[in-house]
2 protein chains.
Amino acid sequence: MDTHTAAQDAKGASIKLAAASGELKNTALQAVADALLSNKDAILAANRKDLDAAENDCLAAPLLKRLKFDEKKIADVVTGIQSLITLKNPVGTQLSATELDDGLELYKVTCPIGVIGVIFESRPDALVQISTLCLKSGNALLLKGGSEAMHTNRALAEIISKATVETGIPDGWIQLLETRSEVNDMLELDEHIDLIIPRGSNEFVRHIMEHSNIPVLGHADGICHVYVDQSADLAMAQDIVVDSKCQYVAVCNAAETVLVHEGVAEQLLPALTNTLQEKGVELRGCPRTVALTQVAAATDADWRTEYLDYILSIRVVADMGEAIQHINTYGSGHTDAIVTGDADAAKVFMDLVDSGDVLWNCSTRFSDGFRYGLGAEVGISTNKIHARGPVGLEGLLIYKWRLIGKGHIVAPYADGEKTFTHRSL
Amino acid sequence: MDTHTAAQDAKGASIKLAAASGELKNTALQAVADALLSNKDAILAANRKDLDAAENDCLAAPLLKRLKFDEKKIADVVTGIQSLITLKNPVGTQLSATELDDGLELYKVTCPIGVIGVIFESRPDALVQISTLCLKSGNALLLKGGSEAMHTNRALAEIISKATVETGIPDGWIQLLETRSEVNDMLELDEHIDLIIPRGSNEFVRHIMEHSNIPVLGHADGICHVYVDQSADLAMAQDIVVDSKCQYVAVCNAAETVLVHEGVAEQLLPALTNTLQEKGVELRGCPRTVALTQVAAATDADWRTEYLDYILSIRVVADMGEAIQHINTYGSGHTDAIVTGDADAAKVFMDLVDSGDVLWNCSTRFSDGFRYGLGAEVGISTNKIHARGPVGLEGLLIYKWRLIGKGHIVAPYADGEKTFTHRSL
């Protein structure tokens, strides 16, 4: 099937899926959970094929680990589906109700966005998480996974499609794309696709953002900062910096730059840089950092770089204003933390740093849908509209206005014969 | 000042404006209202210049009417500002609060989007409405009005800028652009501008949507439908069709196509078409309509056309499913109405029609921010994300996540030593 037809089918299915009851969607989710368990052997066999091919291609160990979809992973995604079933149907929630005039009532009610295009990395569990989030929120879905997980993704998509359609979910609601060229086709289909959520490398996400008129929800860079204020508890600051940088370096919410108030630089930096260097972190500092410690000099490019590695840049700032200015200039609007004992300073920092996630006295690594308690996440957004930060079910919803009258026409209001009541219901 | 510098200044101001208190913003709004009244003569003189030039250029009467900014219009915008002052500060509203673990608390809190670029038509009152909505919601603003209103817009922007900056609103928050080339420059400035709201002709809005990576909120077409169901009250249906088409033809929420269930076509269409023709509406019908009435034949292009004029296309459909299919195929997702006595049919129609505004037994002309009770509107959106239908203050807001800890780091949670509580606060 070509991409255009796939998108058209998904659009058609999305209209009916939008009206599906919460009960039907939960029955379908339960059927997916059951089918994943009963088709375990087929899934493991498909995953074996992908793993064998990946080993032949000498894929790096971390990639192989992400690709592996074993009994434990199946059990995990089934647990995720069970918890999704317990959530209230997010569609049809009344956001506001207003009487415009006698007998003329306006309701603002949540509904699905429509058709979502998701491009995700090599983890096959992402396919199950994303598709079940879309099902719960009533959205149809075009999915493209990593090509190294082709067999696993194909098996999972078939199982999910079959199980849901058998329970009465409209056929065509989930479509698997398999090639890069299909992704490029998808970028053109703004008539049928309402939102694209790309996950993957910076370059790839940036390519998607620049080559489509379809709205894109996601983030290219995650250039996250920890600012250590004058009145910080320095032991706490060291723990937070180490965790933000080292707990897992290859992810978007890891810190890439530490900003240190000049009032505590001399006291903090020698010990902090020692600790980081002992953990294998390569450090690059501003001239004042270099003067205080044994680190290499940073260039302007360092402040704009998402290392995703055991590398950290450090800059001494004159005050919090300079730190905020630095973050708003070089950051990516993702996640930025302040360490301080001064509540007023923390408030100003959280007000003025223009990022989706602003943190006080905790690690940047907390910025994540699971940790935030959103259930699974479809991605993290650095957009300024619709949804920011970790995006769960809510980001897959929008609303429509429903206006119910008894034959009301506008003319008498325009002529001043009638006036609106605008009363909350 | 070039557009890049203007946008950069607006971005700088937006950061501070985001943290402005509700009290300061209301003081500034009051200062704007006062300054508009005390500078009345200067405004009227500037408007006189624009009107004289427009008369010399032989502008059409409706355009002259829109351009005119007299004492009545000044009084109207001042009333609008007073009602804006009475509204609660929309920034800082807590949308959710969750304890992630002991002492680690997550808050989702509304905030301004940042810098909004608005391109609006010739009415100078739009400048006052848009800028005061942006001020109340804490957004900085780049504005481009119709060039025929240049002197009036310049006077208004200067008065608003001066009055607000004198009360302590950051300088540079409002910037007036004056040429089309500045608008084109603006489309490139995704680093500084967070959202563009274009108002104007279809071609113009489409141009903006296709030539910028900045998110665009608005609508190109308003191809609105009235569907007259089998069980409609036909007298009500006629009133609603006439109002939807004729009450004001030049606007996006006027109906362009009427769909009639075949069960009532013979009874409804002769009288309805007579009434519309008496009101000067040119009619174009499907073959079955042509067979029943004295109207010209419609082409496929008619179903896709926003006439914005005394023209209406009519199609007879076999059932409601065909009407919904027609609307979802040819419509623009703006506003669509059903006339029916059958509540179940109305619910299905409102569920399945994929438009921002779905109406039952009332005129499409109600789909408007003022009539919906939103106060002023910045525009009407046919987007599927962020905001749909008439957009008031709420559409100018987004949220940030604020996470407050006591030195919390992720490592013990990742290692399984600690678990999250995820308790609603």
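Predicted model: local features only at pLDDT ≥ 70, side-chain atom pairs only at ≥ 80, totals over all residues.
Local features require pLDDT of at least 70 and side-chain atom pairs pLDDT 80 or more, whereas totals for chains, interfaces and linings use all residues. Residues are numbered from 1 along each chain as its sequence is written, and chains are lettered from A in the order in which they are written.

At the interface, 60 residues of chain B contact 61 residues of chain A (C-beta atoms, placed from the backbone, within 7 Å). Strand E16 of chain B (residues 397–408) gives the most to its side, with eleven residues (strands are DSSP runs of at least two residues, helices of at least four). Because 100% of the interface residues of chain B are also interface residues in chain A, the copies meet through the same surface. E16 of chain A runs parallel to E13 of chain B (residues 357–362), joined by five bridges (pairing needs at least two); there A:Ile404 has B:Trp360 as its bridge partner.

Within chain A, the axes of H2 and H7 come within 8 Å and cross at roughly 135 degrees.

| Helix | Residues |
|---|---|
| H2(A) | 22–38 |
| H7(A) | 150–166 |

The contact includes A:Ala28 of H2(A) and A:Ile159 of H7(A).

Technical notes
Contact = placed C-beta atoms within 7 Å. Axes fitted to C-alpha atoms, helices over the stretch in contact; angles between N-to-C directions.
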